[in-house]
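Take a first look at the fold shown here.

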Amino acid sequence: MKKDNIVLIGMPGVGKSTAGVILAKVLGYEFVDADLVIQKEEGKLLKEIIEEVGTDGFITVENRVNSSLEVDHSIIATGGSVVYGKEAMEHLKSIGTVVYLQLPFEELNRRLSDIKGRGVVLKDGQTLKDLYEERVPLYEKYADITVNEYGLNVEQTIDKILSLRNEKKCKK
């Protein structure tokens with residue numbers, strides 16, 4: 001399989017799905033929302049899966065589904081917890097360029113009002129700040145490209161993704 005996909009990773013609320021849909025239109029690619037693939041394969045909403053099998057069980061399901069994605073010429077918007085799955089991330093890196101959409105915590109906190117209703121993987125007693133601090137090093141570890149979205153609208157974010165991706169291609 002060619003490495004022609006773009007894989008968007010980052011915290012919930014950074015706009016992976018929003019930017020992904022528009023990016024797919026701009027490039028003429030397919031759009032794949034990994035969370036929707038999980039829901040379809042499991043026949044349940046994300047929050048129902050989390051309620052039934054807990055956060056660790058959900059991460060196992062997410063890792064399995066993302067590890068088996070077979071797509072090309074696609075923009076893949078992942079769930080924020082995808083970085084907990086080593087096999088999933090290795091697979092995604094092998095089929096595409098991994099783009100970390102980055103936002104400062106304060107901006108993210110402003111955007112997220114209903115974190116539980118979004119099917120966000122939070123352990124008991126874990127705050128959004130705890131989650132942010134736990135995940136940022138993982139996003140940074142797996143990212144081929146990092147796009148700081150602070151102060152950018154969706155069009156500017158997409159322009160930045162495309163220009164950084166082109167720079168990366170030119171360096172190869």
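Two strands count as paired if DSSP finds at least two bridges between them. The model is predicted. With that rule, five strands form an open sheet, in the order E2-E3-E1-E4-E5, with parallel pairing. The edges are E2 and E5, each of which pairs on one side only. On average, neighbouring strands of the sheet are turned by 20° against each other, direction ignored.

One pair shows the detail. E1 and E3 pair in the parallel sense over three bridges. Ile-6 stands opposite Ile-75 in E3. Helix H4 (residues 86-95) packs on the sheet and touches E1, E3 and E4. The direction of H4 makes about 115° with that of E4.

Now turn to helix H1. H1 has 12 residues (residues 16-27), which at 1.5 Å a residue should span 16 Å. The end C-alpha atoms of H1 are 16 Å apart, which agrees.

Which residues of H1 are buried? They are Lys-16, Ala-19, Gly-20, Leu-23 and Ala-24. Seen down the axis of H1, these buried residues fall within an arc of 135°, so they line one face of the helix. On the other side, Lys-25 and Val-26 are exposed. Just after H1, Gly-28 takes a positive phi of about 75°.

The buried residues of H1 pack against these elements:

| Element | Residues |
|---|---|
| strand E1 | residues 5-9 |
| strand E2 | residues 30-33 |
| strand E3 | residues 74-77 |
| strand E4 | residues 96-102 |
| helix H7 | residues 154-171 |

Notes: Residues numbered from 1 in each chain as written. Predicted model: local features only at pLDDT ≥ 70, side-chain atom pairs only at ≥ 80, totals over all residues. Heavy atoms only, no water. Helix = DSSP H or I, 4+ residues; strand = E, 2+ residues; numbered from the N terminus. Expected span 1.5 Å × (residues − 1). Buried < 20%, exposed > 50% of the residue type's maximum accessible area, 1.4 Å probe, protein only. Arc of directions from axis to C-beta. Contact = heavy atoms within 4.5 Å. Axes fitted to C-alpha atoms, helices over the stretch in contact; angles between N-to-C directions.
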